[in-house]
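Student: Could you walk me through how to read a structure like this one? I would like the general idea each time, then the case at hand.

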Amino acid sequence: MQVTSRVLLHVTAGSAACALLAGVLGMSRSDAESLPRLAVHGARPAAAELPPYPDPRPAPVNARLLPNLRSLPAEDVGIRVEDGQRQLWFTSIIANAGLGPAEVVPDGVRPCPAGQRHASQVLYHDAGGNGYYEPAVDRFASRRTGGCMLDHPEHDHWHFDAMARYTLTSAGRQSPVVGSNKVSFCLRDNRETPAASPVKLPKRYGDCGRDKVQGIMPGWADVYDTDLPDQHLVLPADLPDGNYCLRSEADPLQLLLETDDADNAAVRPVRISGSTVAAGPPASCG
Ligand SMILES: [Ca+2]
Ligand SMILES: [Ca+2]
Ligand SMILES: [Zn+2]
């Protein structure tokens, strides 16, 4: 009974606030209730400073604003030879073409290998009801299990594990000649990708520190530049000259919940001749 009383009291207080706001603004009560709830409940600190999740107020599960991760074709592809070994270097790009951010927050709530930390995926809910994520309005959030974060000493920041997989296949073949199955990323907004997204939103993520929230906003992409350590595949010594397909796939282990798991990969056709690489025939990787 005591719990029920508390709930009733909370609802009454909320209704009073709505009625008060409606009176001040000269609107009907139903108009006031369609306003962003933030206005009713008063000022809160900026989202970047919050631990806002989980928000104690309920939100409908079907209004979650999910991300949609999509790799773009690799760029800046080049071959470097080190100690007689050919290395295929390239820039990889993971775009978020969804309506909500791809966000992870380190929280350690699940076990991870030594030296790593679990990070949950944060899912925002469309409290404002406009169909996409607005940080100032859509503060309802829930968490789900994500994956592990690890310190990448050469990059000097923390990565979310298994954000990408790279494979190189001979044109027209299925099985890779070389691959990298589990590439970790620091998730952040590096490049606007308006063509890949239904919405255009301000940049939001960029800090790759140990305790920081990481993410990719809708309409932005996380770019891993070809100059970064480890951003390459080692070519087999006996790899013959020819046409190849360099495939980049975002979230290959499907750790993150998103709207479409089937559109995460992109392919760059390349022609490899000795220690040089050029654009390959587009049709060769169909
Ligand atoms: Ca996707
Ligand atoms: Ca919204
Ligand atoms: Zn990094």
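**Metal sites, cores and disulfides**

Tutor: Let's start with a metal: the site of the calcium ion (ligand 1) is octahedral, with angles of 78 to 177° among its 6 donor atoms. Six donors count as octahedral if opposite donors are over 155 degrees apart and all others between 65 and 115. Ideal angles for six octahedral donors are 90 or 180 degrees. This is a predicted model, in which local features need pLDDT of at least 70 and side-chain atom pairs count only at pLDDT 80 or more, while totals for chains, interfaces and linings use all residues. Residues are numbered from 1 along each chain as its sequence is written, chains are lettered from A and ligands numbered from 1 in the order in which they are written, and side-chain values use heavy atoms, leaving out hydrogens and water.

Student: Which protein donors hold the calcium ion (ligand 1)?

Tutor: Donors are N, O and S atoms within 2.8 Å of the metal (3.2 Å for Na, K and Ca); water is not among the atoms, so sites may look incomplete. Here they are Asn68 (OD1), Leu69 (O), Glu258 (OE), Asp260 (O), Asp263 (OD) and Asn264 (OD1), at 2.2 to 2.3 Å from the ion. Leu69 lies in strand E2 and Glu258 in the loop between strands E13 and E14, so the pair ties together parts 189 residues apart in sequence. Strands are DSSP runs of at least two residues, numbered from the N terminus.

Student: Are Leu69 and Glu258 buried or exposed?

Tutor: Buried means under 20% relative accessible area, exposed over 50%, and partly exposed in between (1.4 Å probe, protein chains only). Both Leu69 and Glu258 are buried.

Student: Which residues have the most contacts inside the largest nonpolar core?

Tutor: A nonpolar core is a set of buried Ala, Val, Leu, Ile, Met, Phe, Trp, Tyr and Cys residues joined through side-chain atoms within 4.5 Å. The largest one has 44 residues, and those with the most contacts inside it are Leu69, Ile94, Met163, Leu168, Phe185 and Ile272. Strand E7 (residues 157-170) gives the most to this core, with 6 residues.

Student: How many disulfides does the structure hold?

Tutor: A disulfide is a pair of cysteine sulfur atoms within 2.5 Å, and there are 3 in this structure. One of them joins Cys112 to Cys148, with S to S at 2.0 Å. The torsion about that S-S bond is about -95°, so the disulfide is left-handed. Cys112 counts as partly exposed at 21% relative accessibility, whereas Cys148 is buried at 15%.

Methods. Tetrahedral: all angles 85-135°; square planar, octahedral: opposite > 155°, others 65-115°. Helix = DSSP H or I, 4+ residues; strand = E, 2+ residues; numbered from the N terminus.
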